[in-house]
Amino acid sequence: MKYSGIGGQAVIEGIMMKNKQEYATAVRRPDGEIEVKKDTYVSLTEKYKVLALPFVRGVFNFADSMILGMRTLTFSASFFEDDEEEGEPGRLEKWLDDRLGENMEKALMSAVMVFSVIAAIGIFMVLPLGISSLLRPAVKSDTVMAFLEGVIRLAIFIIYIKVISNMEDIRRTFMYHGAEHKCINCIEHGMELNVDNVRASSKQHKRCGTSFLIIVMMISIVFFMVVRVEGFVPRILSRIVLIPVIAGVSYEFLRLAGRSDSAIVNVLSKPGLWMQNMTTKEPDDSMIQVAIAAVEAVFDWKAYLEENKGSFGGEEGA
């Protein structure tokens with residue numbers, strides 16, 4: 001594997017691919033054509049160099065991914081709005097439009113992001129702590145309690161993914177997620193970017209956001225075993241305060257994993273790759289074509305293969 005620097009994410013009936021400051025969103029429109037929108041995004045860590053320091057950059061890279069994700073999701077969703085349902089705006093919509101005007105969409109996106117973060121903290125941090133606390137009368141060891149809390153957190157996440165994966169739209173998004181990984185793997189293993197080679201590539205990749213979340217959960221177990229606080233409310237506060245620290249450490253490992261093929265890193269990456277079996281599905285050829293269109297809009301893969309000729313260790317396996 002040879003690191004390419006490109007990354008991406010699945011959107012509604014499409015894929016976003018990013019290379020440095022350029023990103024492109026390719027969407028399969030309802031009429032069957034592929035629409036590609038190319039734009040630029042300067043990350044927070046590039047704007048403010050202090051945010052690019054190791055163990056600091058992880059939180060702000062996550063913020064960048066959320067901001068860019070909302071932008072690209074909004075673009076992809078615009079192709080599937082039902083015109084027939086358009087009518088007179090409601091009172092709330094009129095009120096927001098009067099006060100925010102052109103900034104309404106940005107304000108709504110910001111509100112959704114804030115709500116998503118709060119909901120995630122509540123579901124994946126506070127709820128596991130609450131459930132594990134019910135076992136405290138029977139479990140005296142703080143170390144065992146921290147481990148149980150981590151297991152409950154992981155179980156909630158797995159159940160959540162299993163439930164949403166039964167939704168048709170989410171299942172198709174997971175298929176596009178697989179196409180995104182397959183494209184990147186195809187390139188980084190030295191193969192020409194075409195439908196046949198992409199189809200034969202792996203749908204798992206060590207730099208995936210799913211792996212990041214699993215790493216966060218695993219590292220949080222270690223942190224909470226060490227950091228011991230008395231009282232339920234102080235424990236909740238400690239979980240929230242430590243989120244940036246845990247995210248920073250997790251990001252550094254993910255960054256290393258994406259650039260390394262060492263045996264130790266590969267073993268430690270296994271839980272995240274296993275979890276990707278749930279968040280990525282095998283795409284069809286039409287989805288692979290969308291992924292290729294997104295890659296080619298921001299990345300010269302032919303020049304990359306020529307420049308790195310001889311650096312690849314052989315064809316990639318599934």
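First, a definition for my own use: the expected span of a helix is 1.5 Å times one less than its number of residues. Helices here are DSSP runs of H or I with at least four residues, numbered from the N terminus (strands are runs of E with at least two). This is a predicted model, where local features need pLDDT of at least 70, side-chain atom pairs count only at pLDDT 80 or more, and totals for chains, interfaces and linings use all residues. Residues are numbered from 1 along each chain as its sequence is written, and side-chain values use heavy atoms, with hydrogens and water left out.

**Entry 1: α9.** I looked up helix α9, residues 232-259. Its 28 residues reach 40 Å from first C-alpha to last, close to the 40 Å expected at 1.5 Å a residue. I then checked for bends, taking the angle between axes fitted to the seven residues ending at a position and the seven starting there. A kink of about 40° turned up at Leu 242, shortly before the proline Pro 244.

**Entry 2: α5 and α8.** Next I took helix α5 (residues 142-164) and helix α8 (residues 209-226), whose axes come within 8 Å and cross at roughly 165°. Axes are lines fitted to C-alpha atoms, for helices over the stretch in contact, and angles run from 0 to 180 degrees between N-to-C directions. Under 35 degrees counts as roughly parallel, over 145 as roughly antiparallel, 65 to 115 as roughly perpendicular and the rest as oblique. α5 and α8 are therefore roughly antiparallel. Which residues meet? I noted, among them, Phe 147, Leu 154 and Phe 157 in α5, and Leu 213, Met 217 and Phe 224 in α8, with contact meaning heavy atoms within 4.5 Å. By class, this contact has 10 nonpolar, three polar and two charged residues. For the classes, Ala, Val, Leu, Ile, Met, Phe, Trp, Tyr, Cys and Pro are nonpolar, Asp, Glu, Lys and Arg charged, and the others, Gly among them, polar.

**Entry 3: α11 against α5.** The axes of α5 and helix α11 (residues 270-279) come within 9 Å and cross at roughly 30°, so the two are roughly parallel. Phe 157, Ile 158, Ile 161 and Lys 162 in α5 meet Trp 274, Met 275, Met 278 and Thr 279 in α11. I sorted these into six nonpolar, one polar and one charged.

**Entry 4: α11 against α8.** Here the axes come within 8 Å and cross at roughly 130°, which makes α8 oblique to α11. On the α8 side I found Thr 210, Ser 211, Ile 214 and Met 218, and on the α11 side residues including Pro 271, Leu 273 and Gln 276. The class tally is five nonpolar, five polar and no charged residues.
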